[in-house]
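Here is a short tour of one chain, written for someone who likes to see the contacts behind a fold. Have the structure open as you read along.

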Amino acid sequence: MKRYICSIIIGLVVILSIGTYYVKVASSASDLPKYTFKTLEGSDKELDPIIINASLEKGRLYEPLTIESNQTTYGSEKSFLESLSGRQNLEMERLIKEYRSFMRGKDFIDSFYEDSDFLAYASVNSGFTKSGKMEAEFDIALLEKKSEDETSFDIELPDKDRKLNIDVRDVQLIHSKLQVLTIIDVNSNDDMQTKEVHLYTIDLANKKVLSDKTLLSETFKHPNQVEFGMPIDVAPIQSNNMILISLVKGKYHEDGSYEEKPNESKLLSYNYETEKLETVKLPKKEKVSYDMVRGGYVDGKNLYLIEMKSDNYHIKTFDISSQKITNDMKLDLPVLKDEGYFTTIKNGRVYFLLGNGMDSGGKTYKPAQLLIADLKTGKTLYKGETVMQATNKKNDKKFGFHIDDLKVK
């Protein structure tokens, strides 16, 4: 009997502790300022798909917050389970919600492929033995949506001893074969470094690697540097026959500064269907840089580039097939010094968030500006700025507001 009484008392203490915690959280969150958007132009319905993650700074303490549907929610206001999930990729959240069983233990959006019939996954599990030997294998999974049949298996990575680090960057399903594009750091015993782009073709029916194709390989030595990268994919897990790969070369100087070598860098396209790797010529007259390419967005047909001119921000549309700029859209936002910006291209719109909620000195709250424009016409669909609603006017200047990222459903 005493044992049961002790268990009951412990349970009550735990419940009261949790209850006290959430009461304190609710009380503290109610004292914090709320951030909303004041509409200056257009319809506030354009705000519906927008999610802005930010942080509130008070002294040395940081409180995460989210602005969604024009409402502020602090991290301390979320449930225990919600706080565990963190700030996930929106596509990952959708996949977990729709295919919970299949998604168990899987992460990294670049490892997924989805069409109307299938959801596929490919990642690399790697590590080193005590003797320093590299161990690496593919983790492959396929879900047939209609039948809900799941297939999963592991395959040893070819030539794994040569690899030091493997990063999956794209997955496609072409003619029932899984195409897995990876960036690899090659293991070396000298001062030389080698980076490569590999394409693995995996036979799903027979559960084996059909081929390991090296698309690009660059060897260099410090202070020289080579980086492979891809522009941001507007729809990262959808079917796409083409992918862009940037090869950027540079050099570190003795003072630690880095200088890019544009004459030695290049942009390439790879077509999964034709298996052709081709150089994409960037227009010199338009002064398109590789920094613009790295920060750009691609949808399989066009590359959208963000340019900061002396007066306004511009979105340039680069047709990959013709290798020409087909549109130069001027945004209704002035260029402001020392102002960071966040962009997303989705739903035929460009979302542009300018500013970080603080002045350059980090002392006074300064509204962040949001612009939503039609990607083709350039027409402004929405323009607004953040407004801080402080619960205690005496303390409103003691808070620092920092934007972390911009997401669109």
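The chain holds five helices and 27 strands. This is a predicted model, so please read every value below as computed from it. Of the 409 residues in the chain, 41% are buried. Among contacts with a separation of 6 or more, 49% join residues 24 or more positions apart. The accessible surface of the chain is about 22800 Å², and carbon and sulfur atoms account for 49% of that surface.

Asp170 does have polar partners: its side chain meets that of Gln172 at 3.5 Å, and a polar contact of 2.5 Å joins it to the side chain of Tyr272. Beyond its neighbours within four places in sequence, Asp170 is in contact with Asp110, Gln179, Val180, Leu181, Pro236, Ile243 and Tyr272.

**From Tyr272 to the aromatic pairs**

Tyr272 counts as buried because its relative accessibility is 4%, and Tyr270 counts as buried at 2%. The chain has eight aromatic pairs. One of them is formed by Tyr270 and Tyr272, edge-to-face, with 5.6 Å centre to centre and 90° between the planes. Tyr313 and Phe352 make a tilted pair, because their planes are at 50°, with ring centres 4.7 Å apart. This pair links distant parts of the chain, with Tyr313 in strand β21 (residues 312-319) and Phe352 in strand β24 (residues 349-354), 39 residues apart. Tyr313 and Phe352 are both buried, and together with Tyr341 they form one aromatic cluster.

**An exposed histidine**

Is His175 buried or exposed? His175 counts as exposed because its relative accessibility is 61%. His175 lies in the loop between β9 and β10 (177-186). The side chain of His175 makes a polar contact of 3.1 Å with the side chain of Glu273. These two residues are 98 residues apart along the chain, and their C-alpha atoms are separated by 9.2 Å.

**Salt bridges**

Side chains of opposite charge can pair when their charged atoms come close. The whole structure contains 22 salt bridges, and the table gives some of them.

| Pair | N to O distance |
|---|---|
| Arg349 and Glu46 | 3.0 Å |
| Glu114 and Arg94 | 2.5 Å |
| Asp291 and Arg294 | 2.1 Å |

Why does the Arg349 and Glu46 pair tie together parts 303 residues apart in sequence? Arg349 lies in strand β24 and Glu46 in the loop between β1 (34-42) and β2 (50-58), so the pair joins those parts. Arg349 counts as partly exposed at 24% relative accessibility, whereas Glu46 is buried with a relative accessible area of 16%.

Glu114 lies in strand β5 (residues 112-114) and Arg94 in helix α3 (residues 90-98), so their pair ties together parts 20 residues apart in sequence. Glu114 counts as buried at 12% relative accessibility, while Arg94 counts as partly exposed at 24%. Glu114 and Arg94 also belong to a network of salt bridges that includes Glu91, Glu98 and Lys145.

Asp291 and Arg294 both lie in helix α5 (residues 290-294), three residues apart, about one turn of the helix. Arg294 is partly exposed, with a relative accessible area of 35%.

Notes. Residues are numbered from 1 along each chain as its sequence is written. This is a predicted model: local features need pLDDT of at least 70, side-chain atom pairs count only at pLDDT 80 or more; totals for chains, interfaces and linings use all residues. Side-chain values use heavy atoms; hydrogens and water are left out. A polar contact is a pair of N or O atoms within 3.5 Å; within protein, one must be able to donate a hydrogen and the other to accept it, and residues adjacent in sequence count only if both atoms are side-chain atoms. Contact means heavy atoms within 4.5 Å. Helices (H or I, at least four residues) and strands (E, at least two) are DSSP runs, numbered from the N terminus. Buried means under 20% relative accessible area, exposed over 50%, partly exposed in between (1.4 Å probe, protein chains only). Accessible areas come from the Shrake-Rupley method with a 1.4 Å probe; for residues, only the protein chains shown count as cover. Rings of Phe, Tyr and Trp (its six-membered ring) pair if their centres lie within 6.5 Å; planes under 30 degrees apart count as stacked, over 60 as edge-to-face and the rest as tilted. A salt bridge is a side-chain nitrogen of Lys or Arg within 4 Å of a carboxyl oxygen of Asp or Glu.
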